[in-house]
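Reader: I would like to learn how to read this fold. Please take me through it feature by feature.

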Amino acid sequence: MKTMIAQGEFGVSKDPSVLYSAVLGSCVAACVFDPGMRVGGMNHILLPGGSAAAGYDEDRRFGAYLMELLINGMYSLGARRNHLEFKVFGGSKIFDARFNPGDLNIRFVQDFLKNEGFKIEASSLGGTVGRRVEFSPTTGKVRMRFISDGYNQPEPVRVQRKPPPAPAHSGELDLF
């Protein structure tokens, strides 16, 4: 069941039939997954900043509020803070203007996650074309496609992935 996440919205689920989707220009979407609990969620940030405690309709489009809703929604499904994996997408400069909300959104989500002690596992940020993102909350898999106007074909870009951390040496034994 495909569920569109519009600007200012978020969703969390443990239902394997759910597939979250968002179309992004200068907006940023954060996808989060707990591999042990097999739960995940996605948000769609229109503007950076805002108050995480706002709760008013006009404030729901802001990043701090949506990030808090997403993370707390994950906890309500049993996710564990130290197991959360984040993937972030969007932040394009789709208009030729001095003001670039995409850059502000990128900086916001990167700073927010860093300040909260979370790492970004994969990302596709910036550029000049939009993206369509589909996220499976129970597998953590993301499919991202660039959206073109037919004239400006985007160059293929590999999603940046961080290598898995080296195993801790606490008496573990690897068998081959």
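Reader: In which sense do strand 3 and strand 8 pair?

Author: Strands of a sheet pair through backbone hydrogen bonds, either parallel or antiparallel. Here strand 3 (residues 19-24) and strand 8 (residues 130-135) are antiparallel, over 5 bridges. Strands are DSSP runs of E, at least two residues, and helices are runs of H or I, at least four residues, numbered from the N terminus. Two strands pair if DSSP finds at least two bridges between them. Opposite Tyr 20 stands Phe 135 in strand 8.

This is a predicted model: local features need pLDDT of at least 70, side-chain atom pairs count only at pLDDT 80 or more, and totals for chains, interfaces and linings use all residues. Residues are numbered from 1 along each chain as its sequence is written, and side-chain values use heavy atoms, leaving out hydrogens and water.

Reader: What order do the strands of the open sheet have?

Author: The order is 1-3-8-9, 4 strands with mixed pairing. Strand 1 and strand 9 (142-147) are at the edges with a single partner strand each, so one side of each lacks a neighbour in the sheet.

Reader: Which residues have the most contacts inside the largest nonpolar core?

Author: In soluble globular proteins, nonpolar side chains tend to be buried together. A nonpolar core is a set of buried Ala, Val, Leu, Ile, Met, Phe, Trp, Tyr and Cys residues joined through side-chain atoms within 4.5 Å. Buried means under 20% relative accessible area, with a 1.4 Å probe and protein chains only. The largest core has 22 residues; Met 67, Leu 84, Phe 86, Phe 108, Val 109 and Leu 113 have the most contacts inside it. Helix 1 gives the most, 6 residues.

Definitions and conventions: Buried means under 20% relative accessible area, exposed over 50%, partly exposed in between (1.4 Å probe, protein chains only).
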